[in-house]
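Let's take a look at how this one is put together on the inside. Have the sequence and the structure open as you read.

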Amino acid sequence: MTVAMAGSDEPIGVLVAGTADAAVRVTPAPRRGLGGLVGGGLAILAIALTVAVFAGTIAPHGFDDQDLAFALQPPVGAGGTWANTLGTDALGRDVLSRIVYGARTSLLLALASVLLAAVVGVTLGLVSGWAGGRIDAAIMSLVEAQLSLPYLLLAIAFMALLGPSLINLVVVLVLRSWVVYARLVRVAVLSMKSREFVMIAVALGATDRRILFRHIAPNVLAPALVVSSFQLAELIIVESSLGFLGLGVQPPTPSWGSMLSQGREYIASAWWLVTFPGLAIIVTVLGANLLGDALRDALDPRLRTSVGLSLWRRAMDAMVTRGKGSRRSTALGEGAVEGHLERGGGER
Amino acid sequence: MARHVLRRSVRAVAALLLVTAVVFTLLHLSGDPAYVLLAPDATPEQRAVFRAQYGLDRPLSVQYARYLTRVVQGDFGQSFSFQAPALGVALERLPATLELTLAAMALAVLVSIPAGVLAARWRGTPFDRLMMAITLVGQSVPTFWLGMMMIMVVAVHFRLLPVSGRGGWTHLVMPAVALALWLMALLARVTRSEVLEALEQDYVRTARAKGLTERAVAGRHALKNALLPIVTVLGLQFGSLLGGAVMTETVFAWPGVGTMILDAILKKDVPVVLAGVMLVAIGFIIVNLALDLLYTVLDPRIRRA
C-alpha cells in the first residue's frame with residue numbers, strides 16, 4: 001500500500017495503483033529464492049551486453065572475413081577445429097564471431113528501442129490518464145487502432161515499404177512497445193487519481209505537473225521496470241523475426257535473425273548455421289524474461305505470475321464496486337490485453 | 001448492453017478508418033506501382049495508362065475517398081499481380097489460416113489447462129517448478145527457430161513428416177505444434193495463477209468443508225472461476241492469429257493469410273494488402289466484441305454493473 005502523510009511529498013512504497021485495501025490476501029504467497037533469479041537474469045544480460053559492447057576484442061575473427069576454402073566447416077566436436085569453434089557459413093565466415101557481432105545489432109538495438117519506447121509510452125500514459133476527456137480519447141484511439149492490427153504485419157509493411165534503414169527499424173520497435181507502457185501507466189494513473197495522497201496533493205494546491213511527476217510517476221516506475229524487461233525480450237525476438245524475413249539490418253552486418261535466414265538454405269547440410277544463432281536468441285531472451293519475472297515478484301509479491309491479469313482483476317473489482325457502466329469495456333480490454341502483451345516471444 | 005456494443009462498434013470503425021488511412025499512406029509513400037509492376041522497358045504512355053486504369057493519377061485523398069466508397073459497396077478493387085478481385089485473393093487463404101490456428105489453439109488448450117490446474121494444486125512441488133521452468137523457456141523460444149529445428153530433425157533427418165506445404169494432417173502437425181508452444185506456455189501460466197488465486201477464496205474453503213475431493217475443488221470450483229481470464233487470453237490470441245502466423249507460415253510455406261499479406265506487401269499489390277488488412281482488422285474487432293459479450297455470460301456481475 002502506498003501511504004502518504006499530509007505534508008510529505010513522497011508516497012512510501014512502490015505498488016502500482018492500489019486496489020485500496022479490498023484485495024489484501026489472507027494467505028501471503030510464500031517467498032521463493034528470488035534473489036537467485038534476479039541474479040541469473042541480470043548475469044545473462046550483463047554477459048550478453050559485455051559481448052555486444054566489446055565484440056571487436058572478443059570475436060576471434062571479423063564478422064565479414066570470408067574464406068571460401070573453409071566454407072561450411074562443422075563446429076568443434078562434429079569434425080571442426082578450434083580455429084572456427086562454432087563452424088563457418090557458406091562464405092567461410094566464422095559463426096562464433098558473427099554471433100558475437102550480432103549481439104550488437106540484436107541486443108543494443110532492442111535495448112535502445114525499449115528505453116525510447118518507455119519515455120514515449122510513460123509520458124503519453126501519464127498525460128492520458130491524468131488529463132482524461134478528449135486528450136485521453138485521442139491517445140487511446142491511437143492505441144486501439146494499432147492494436148487492432150497484428151503488429152508483425154504492420155512492422156513488415158513499414159520496413160518493406162519505407163526501406164530497412166536503422167532509423168526505420170528503431171521506429172518499428174518503439175511502435176511495438178509504447179502501447180504497452182501507455183496502457184499500463186494510464187490504468188495506474190486512473191486508479192491513483194482517487195487515492196488519498198493524490199487528493200491531499202490536490203487539496204494542498206499542487207500543480208498538475210507536480211502531482212503527475214512528483215507523486216504519481218514514482219509509483220509507476222516499478223511496474224514500468226518490469227515491463228521493460230519483458231519488452232526487451234519481445235523486441236529481441238521482433239528484431240530477429242524481421243531479420244529472418246530480410247527486413248532488418250542489412251548485410252554484411254550480422255544479426256541473429258539474418259544469420260538464421262541465411263542458415264535456412266543449408267538446413268539439410270549445415271545444422272550449426274541454424275542452431276547456434278537461435279540458441280543465442282533464446283539465452284538472451286530467457287535472461288530478460290527471468291529478470292522480469294524476478295523483478296515483478298520482488299517488487300510486488302502479490303502480483304505473482306502476471307502483472308497483467310492482476311491489473312485486470314483490479315480493474316474488474318473497481319468496475320464492479322463502482323458500477324461505472326461506461327468504463328466497462330475499456331477497463332476489461334485494458335487489463336486483458338496487458339496480460340496478453342506482457343511477456344516477450346509473441347511474434348509468430 | 002446494446003448501447004455498449006454500439007459504442008464499441010463506433011470506436012472500432014474509427015480505428016479501422018485510422019488503420020486503413022495509415023496503410024494507404026504508407027503504400028503511397030513507398031513508390032509508384034506503375035514502376036514496380038510493369039516491365040522495366042514499359043513506355044511512359046503505358047505507365048500512364050496503368051495509373052489511369054487503377055486511379056493512381058488522382059490526389060491521395062481522392063484515391064482514399066474513392067477506395068472507401070467502393071469498399072462500402074463491397075468492392076475491394078482488382079489485385080495488381082493476380083488478375084482477380086482483391087477480396088477473393090485474400091479470402092481464398094482464410095481456410096488455411098483457420099485450420100492452423102484452430103489446431104494450434106486446441107492443442108494448447110488440451111495441454112496447458114490441465115497442466116496449469118495441476119501446477120496450482122501442487123504448488124511449490126517439483127512438478128510445479130518444472131512446469132514454470134518449461135513455460136519460461138517456452139516463452140523465450142522464437143517460433144520460427146523452433147519450426148526450423150523441427151524441420152531439421154523431424155522432417156529432414158528422421159523423414160517422419162513432410163517438410164512444408166499444406167495437405168493432409170501430416171502437413172499440419174509441425175506448424176501446429178510450433179505455433180502452439182508459445183500459447184501453451186502462456187496459457188499454462190495464466191491458468192496456474194488464476195486457479196491459485198481462486199483456491200484462496202472462501203467458496204473453496206466451503207467446498208472443502210463440504211467434503212469434496214481436492215480434485216473436484218480445483219478442477220471444478222476453482223477452474224470455473226479462473227475461466228474469464230483464460231477465455232480472454234484465448235480470444236485475443238485467436239483474434240491476432242487471424243492475421244496469419246506470418247513467421248510460422250513462412251517457415252513451413254503454409255499458404256495462409258500471413259504469407260499472402262507478406263507477398264502482397266513485397267510486391268506492392270496495394271488492393272490485396274488493403275483487403276487483407278481490412279479482413280484481419282474486422283476479424284479482430286468481431287472477436288473483441290464477442291469476448292465482451294462472453295464476459296457477461298461467464299460473469300453475471302458484469303451484467304449488473
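Two residues count as packed against each other here when they have heavy atoms within 4.5 Å. Keep in mind that this is a predicted model.

## Helix 8 of chain B

Let's start with helix 8 of chain B, which runs over residues 143-157. From first C-alpha to last, its 15 residues reach 20 Å, close to the 21 Å expected at 1.5 Å a residue. Even so, there's a kink of about 30° in this helix, centred on B:Ile151. Just past the helix, B:Arg159 takes a positive phi of about 55°.

Most of helix 8 of chain B is tucked away, with 11 of its 15 residues buried.

## The nonpolar cores

The largest nonpolar core has 121 residues, and A:Ile156 and A:Leu242 touch the most other members. Helix 8 of chain A (residues 208-244) gives this core its largest share, at 12 residues. There's also a second, separate core of 35 residues, including B:Ala96, B:Leu186, B:Val204 and B:Ala218.

Back to A:Leu242: leaving aside residues up to four places away in sequence, A:Leu242 touches A:Ala155, A:Ile156, A:Met159, A:Leu169, A:Val172, A:Leu247 and A:Gly248.

Key
Residues numbered from 1 in each chain as written. Chains lettered and ligands numbered in written order. Predicted model: local features only at pLDDT ≥ 70, side-chain atom pairs only at ≥ 80, totals over all residues. Heavy atoms only, no water. Core = buried A, V, L, I, M, F, W, Y, C linked by side-chain atoms within 4.5 Å. Buried < 20%, exposed > 50% of the residue type's maximum accessible area, 1.4 Å probe, protein only. Helix = DSSP H or I, 4+ residues; strand = E, 2+ residues; numbered from the N terminus. Expected span 1.5 Å × (residues − 1). Bend = angle between axes of the 7 residues up to and from the residue.
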